[in-house]
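Student: I would like to go through the side-chain contacts of this protein with you. Could we take them one topic at a time?
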Amino acid sequence: MKNKVSAEMVENWLKGWCLSREVAFPVQYRSGFKVHVGDERQKERFVFPELNDDFFQLAYSIDEPWIYLKVSAASEEFMDKIPERWVLQPQGYMMICFQPMKFREINLAEGYRLEFSEYNSTFVVKIVAENGEQASIGRVSLIDNLAVYDRIVTEKDHQRKGLATFLLKELEKIALSRGFSNNLLVATEEGKQLYETLGWQMYSLHTSIVIPSDN
């Protein structure tokens, strides 16, 4: 893990996230970035490359639900220093892979097919079962010199068939064909384990807090 997190790296990841989610690009907010998401359960997000007074001032000034604060720091560094209304979310990990991923020989499991689509600078790969059910889906957004991977999901009934790995391989093919070999994403705990087997490394923690609503 890097000692100092690059604000440019965080901003570029966030731009890729915005392309994938079809929302406006981040704007500078003090030492971090602000995105208007507009979802019922995520109105806005503030993302900070480091823990500092800007983060703490927001944590004290916000009392509205569903505004996320995100920071490249461990929760132990701040949770006991902010109001109790904030709820810690599952740990995230910003990860990088600045060389081709390490795939073993893998074929698409029998009974599945691929579907491709794109919008903005985002490319979508979907794996569909014989009955037409979506089994796995993922996206890669190409921004500046980075391929930002987002929303890599395999449905529960279709897990442990290598679908997510095959999906990532297809997404990487798209990125490489367009000259993008520097890969970036934010992983869950479960996803982190898969990505590490493919050659990804943790760049920084990505810790989130939010004030949930009562209903």
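Student: To begin with, which side chain does E50 meet in a salt bridge?
Tutor: Please keep in mind that this is a predicted model. In it, the side chain of E50 meets that of K4 in a salt bridge, with 3.9 Å from N to O. The pair ties together parts that are 46 residues apart in sequence, because E50 lies in the loop between β3 (42–48) and α2 (53–61), while K4 belongs to the segment before α1 (7–21).

Student: Is K4 buried or exposed? And what about E50?
Tutor: K4 is exposed, at a relative accessible area of 63%. E50 is partly exposed, with a value of 40%.

Student: How many salt bridges does the structure hold?
Tutor: There are 10 salt bridges in the structure. One of them joins K81 to D80, where the closest N and O atoms are 3.6 Å apart. K81 counts as partly exposed at 45% relative accessibility, and D80 counts as exposed at 64%.

Student: What about K173, which residue is its salt-bridge partner?
Tutor: That partner is E170, and the closest N and O atoms are 3.1 Å apart. Both residues belong to helix α3 (residues 163–177), where they are three residues apart, or about one turn of the helix.

Student: Is E170 buried or exposed?
Tutor: E170 counts as buried, since its relative accessibility of 9% falls under the 20% limit for that class. K173, by contrast, is partly exposed, with a relative accessible area of 46%. Elsewhere, salt bridges with shared partners connect R21, D150 and R151 in one network.

Student: Let us turn to the strands. In which sense do β7 and β8 pair?
Tutor: Strand β7 (residues 112–119) and strand β8 (residues 122–129) pair in the antiparallel sense, over eight bridges. Within this pairing, S117 stands opposite V124 in β8.

Student: And which residue takes a positive phi in that hairpin?
Tutor: N120 does, with a phi near 50°. The hairpin of β7 and β8 has two residues between the strands.

Student: Now the aromatic residues. How many aromatic pairs are there?
Tutor: The count comes to six aromatic pairs. One of these is formed by Y149 and W200, which are edge-to-face, at 5.7 Å centre to centre and with 85° between the planes.

Student: Where do Y149 and W200 lie?
Tutor: Y149 is in strand β10 (residues 146–154), and W200 is in the loop between α4 (189–197) and β12 (201–210), so the pair ties together parts that are 51 residues apart in sequence. Both Y149 and W200 are buried.

Student: Why is the pair of Y195 and W200 called tilted?
Tutor: The ring centres of Y195 and W200 are 5.7 Å apart and their planes stand at 55°, so this pair is tilted. An angle has to be over 60 degrees to count as edge-to-face. Y195 is buried, as is W200.

Student: Which rings are linked into a cluster?
Tutor: Ring pairs link F48, F55, F56 and F78 into a cluster.

Student: One last topic: over which ring does the charged end of R45 sit?
Tutor: The charged end of R45 sits over the ring of W17, at 3.8 Å from the ring centre. In another contact of this kind, K192 lies over the face of Y93, 5.2 Å from the centre of the ring.

How values were computed. Residues numbered from 1 in each chain as written. Predicted model: local features only at pLDDT ≥ 70, side-chain atom pairs only at ≥ 80, totals over all residues. Heavy atoms only, no water. Salt bridge = Lys/Arg side-chain N within 4 Å of Asp/Glu carboxyl O. Helix = DSSP H or I, 4+ residues; strand = E, 2+ residues; numbered from the N terminus. Buried < 20%, exposed > 50% of the residue type's maximum accessible area, 1.4 Å probe, protein only. Pairing = 2+ DSSP bridges. Phe/Tyr/Trp six-rings, centres within 6.5 Å; stacked < 30°, edge-to-face > 60°. Lys NZ or Arg CZ within 6 Å of the ring centre and 35° of its normal.
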